[in-house]
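Dear colleague,

Please find below the structure that I am handing over to you. My notes on what was found in it follow directly after.

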Amino acid sequence: MNKRKPLDERRAEIVEAGLSVAMREGVESVTVRRVAQEAGISLGTVHYCFDDKDAMLRAMGRAIAMRASEPVLSALDVGPDRMALAEGTVEALLVGLKQNQHMRLLTFEFAVSGARTPVLREVAQAHLKQSIAMTREYLQRLADVAGVRYRTEVGTLARMTALRIDGIELAWMVDQDDEAAREGFAVLAHDVFDDMEPV
């Protein structure tokens, strides 16, 4: 007898199926029907879990953002020493990029498709907001751990930091140059830490 799965668990499976389709065949290939096939479930089940394709795509964007942030958030565990925090953050950004390169490439595809296709624009905008919000969360937690505040308004700093990370990551996708990416992240970390002042 088939036991019905909890809604959150079923949604997570659908998101994973959608990500698999997108990574293999591109964002444009993600349809409710194609994702249902990938997950081995009915169209009705997908529609029960998500109001529409856009809601499913937004959930996929959130899942990507969460995975990308995990290694960087774990770098805060080293304690309040600023040098250790900076070095840990740089390494975590590079490790996270290399471990999740297919996911990160997918975020750039979301962005390009969103700029080109009105249907995906809302999804791309939502993902950009999520990315900036997660960067802001990291910066705030970093300030708390280091016992500092920022001279720049944290929302502005988060946006500029997130956009610079995207640029470094996109360059790495093209040239696969670990040292250049590490240097880029180190310069970015230096700029962020230089913006700090004691509370």
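Which residues does F185 touch, not counting residues up to four places away in sequence? In this predicted model, F185 touches V90, L93, L94, L97, I165, I168 and E169.

**The chain as a whole**

The chain has 199 residues, of which 45% count as buried. Its secondary structure consists of nine helices and two strands, and these elements follow one another in the order α-α-α-α-α-α-α-β-α-α-β. Along the principal axes, the C-alpha atoms fill a box of roughly 60 × 35 × 25 Å.

Among the side chains, 25 are positive and 31 are negative; the centres of the two sets lie 8 Å apart.

**The nonpolar cores**

The largest nonpolar core has 35 residues, and F185 is among those that touch the most other members, together with Y138, L139, L142 and Y150. Two or more residues of this core come from each of α4 (53-74), α5, α7, β1 (148-150), α8 (154-175) and α9 (178-194). The most is given by α8, with eight residues. Another core lies apart from this one; it has 27 residues, including V27, V32, A36 and M60.

**Helix α5**

Helix α5 covers residues 82-99, and its 18 residues reach 25 Å from the first C-alpha to the last, close to the 26 Å expected. Its buried residues are L85, A86, T89, V90, A92, L93, L94, G96 and L97.

**Two single residues**

Is T135 buried or exposed? T135 counts as buried because its relative accessibility is 11%, and the cut-off for buried is under 20%. T135 has its place in helix α7, which covers residues 118-146. Leaving aside neighbours within four places in sequence, T135 is in contact with A158, T161 and A162.

A39 belongs to helix α2, residues 32-39. A39 has a relative accessible area of 31% and is therefore partly exposed. In sequence, A39 and E16 are 23 residues apart, while in space their C-alpha atoms are 8.3 Å apart.

Yours sincerely,
A colleague

Key. Residues numbered from 1 in each chain as written. Predicted model: local features only at pLDDT ≥ 70, side-chain atom pairs only at ≥ 80, totals over all residues. Heavy atoms only, no water. Helix = DSSP H or I, 4+ residues; strand = E, 2+ residues; numbered from the N terminus. Buried < 20%, exposed > 50% of the residue type's maximum accessible area, 1.4 Å probe, protein only. Contact = heavy atoms within 4.5 Å. Lys, Arg positive; Asp, Glu negative; His and termini not counted. Charge placed at Lys NZ, Arg CZ, Asp CG, Glu CD. Expected span 1.5 Å × (residues − 1). Core = buried A, V, L, I, M, F, W, Y, C linked by side-chain atoms within 4.5 Å.
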